[in-house]
Amino acid sequence: TSMALTTVRPQGMGFNTGRRNLIINGAMQVAQRGTSATSVSTEGYKCVDRMRWTMDTTSAVFTLSQSTDVPSGQGFAKSFKAEVTTADASLAANAQTRFEYRFEGQDLQQLAKGTSNAKKVTLSFWVKAFQTGTYVINLQDTDNSRLIAATYTVDTSATWEYKTVTFAGDTSGAFTNDANLSLVIHWYLGAGSNYTSGTLATAWESLTNANRAVGQTVDIATSTSNYWAITGIQLEVGENASDFEHRSFAEELALCQRYYQKIGPAADGSAANRTLYGLGFVINSSNFRPLINFPVKFRTAPGAIETSGTASHFSCSFGADSSQALNTVPSYDIANTTSFFGGCNLSGTPLDTSEVVTLRSNHADSYLAWDAEL
């Protein structure tokens, strides 16, 4: 005789075996803008997708890159690396250097922020830096101007180290359930006294700048020997860090394209490998409008089109077998979350209004790009 045993799992004690990592591109696989950015002296998204660089009131200059320097045996092939190329040894009171990751509010509803069931979250990552010492991390709720902070230490110079930090849930201030910015993670790499003169916000509180980076002992900007690298970033619900959730390149690329999309450059300048951007219709004998459908729906309608900057990088194909370089770079006309409708101009009057034309690349460096970043 056999007896079947049934285990009853109490409500609220389920096992989450699905998607855990709230970070997109945490393994630094995707770098649509390019694998490096040199002479960086301003903030913004520079190379690795979804990873933002912030600097304020410093004359330091950096090279940011998608590096192949990674922790051994952990399944990573890429990291984000910041290297100082021009130092600023004098840390002004309002100076700060940070690495950031930004979230939409609608992707954070599972945290139950602003309720009595607010969830803890755990941040884990691999870090390598030339400077040892104490570094500060912030979670900043931009919807409600709230902050919590924690520290981690780099113990050994030039060595990959694994770090985990757990943050309490916040019972005050819900995240807005929309596609706009709600939460930012700040990894501080340098902070002046305006950000270190208070008491570190180790519990959720109203945002006070003086409490952001108390205890930060490192300033990356002080020497051209300094660098900081990171990979394997994971943010997950709960108070324990799990193994990094590796995702395919194709999945990470599609997730990144919600915020930034780049078509091109072509593999080379040959006719066989020219990028076909889109079909268009003729407005008059000198102008046409291409329609480009985005492969992934954007978070919001992107801003002005970015191009490789030279009109001759683009061409119009028309007629039986005719092609001509553009007179000006493709311009912004109308864009929504799914498509772009541009404007292009040719020298002379080669076009027939009854024709359908194509916008193509005409150079190995030719590209078009659109930005809808947080």
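Trainee: Why does C256 count as buried?
Mentor: C256 has a relative accessibility of 1%, and buried means under 20% relative accessible area, with exposed over 50% and partly exposed in between (1.4 Å probe, protein chains only), so C256 counts as buried. This is a predicted model, in which residues are numbered from 1 along each chain as its sequence is written, and side-chain values use heavy atoms, with hydrogens and water left out. Local features need pLDDT of at least 70 and side-chain atom pairs count only at pLDDT 80 or more, while totals for chains, interfaces and linings use all residues.

Trainee: What makes C344 buried?
Mentor: The relative accessible area of C344 is 3%, and because the limit for buried is under 20%, C344 also belongs in that class. Over the whole protein chain, 49% of the 374 residues count as buried.

Trainee: How many disulfides does the rule give?
Mentor: The rule asks for a pair of cysteine sulfur atoms within 2.5 Å, and by that rule the count comes to 0 disulfides. For C256, the nearest cysteine sulfur is that of C47, 12 Å away, and C256 is in no disulfide. For C344, the nearest is the sulfur of C316, at 7.7 Å, and C344 is likewise in no disulfide.

Trainee: What is the volume of the largest pocket, and why is such a space called a pocket rather than a cavity?
Mentor: The largest pocket has a volume of about 250 Å³. Of the 17 residues that line this pocket, N21, L22, I23, I24 and D107 are the closest to its centre. On a 1 Å grid over the protein atoms alone, a pocket is an open set of points with protein on both sides within 12 Å along at least five of seven lines, a cavity is a set where a 1.4 Å probe fits but cannot get out, and lining residues have an atom within 4 Å of a point. Strand β6 (residues 96-104) gives the largest share of the lining of the largest pocket, 4 residues.

Trainee: Which residues line the second largest pocket?
Mentor: The second largest pocket, of about 150 Å³, is lined by Q74, F76, S124, W126, Y162, G232, A241, S242, D243, F244 and H246.

Trainee: How many cavities does the search of the whole structure find?
Mentor: The search finds 2 cavities of 30 Å³ or more. The largest cavity holds about 100 Å³ of space, and among its 13 lining residues L111, K113, K119, A168 and W204 lie nearest its centre. The second largest cavity holds about 50 Å³ and is lined by T58, D88, S90, L91, A95, Q96, T97, D219 and A221.

Trainee: How many helices and strands does the protein chain have?
Mentor: Helices are DSSP runs of H or I with at least four residues, and strands are runs of E with at least two, numbered from the N terminus; the protein chain has 1 helix and 23 strands.

Trainee: What share of the contacts in the protein chain joins residues at least 24 apart?
Mentor: Contact means heavy atoms within 4.5 Å, and among contacts between residues at least 6 apart in sequence, 74% join residues at least 24 apart. The C-alpha atoms of the protein chain fill a box of roughly 75 × 70 × 40 Å, taken along the principal axes.

Technical notes:
Grid points are joined across faces, edges and corners, and a volume is the space filled by probe spheres set on the points.
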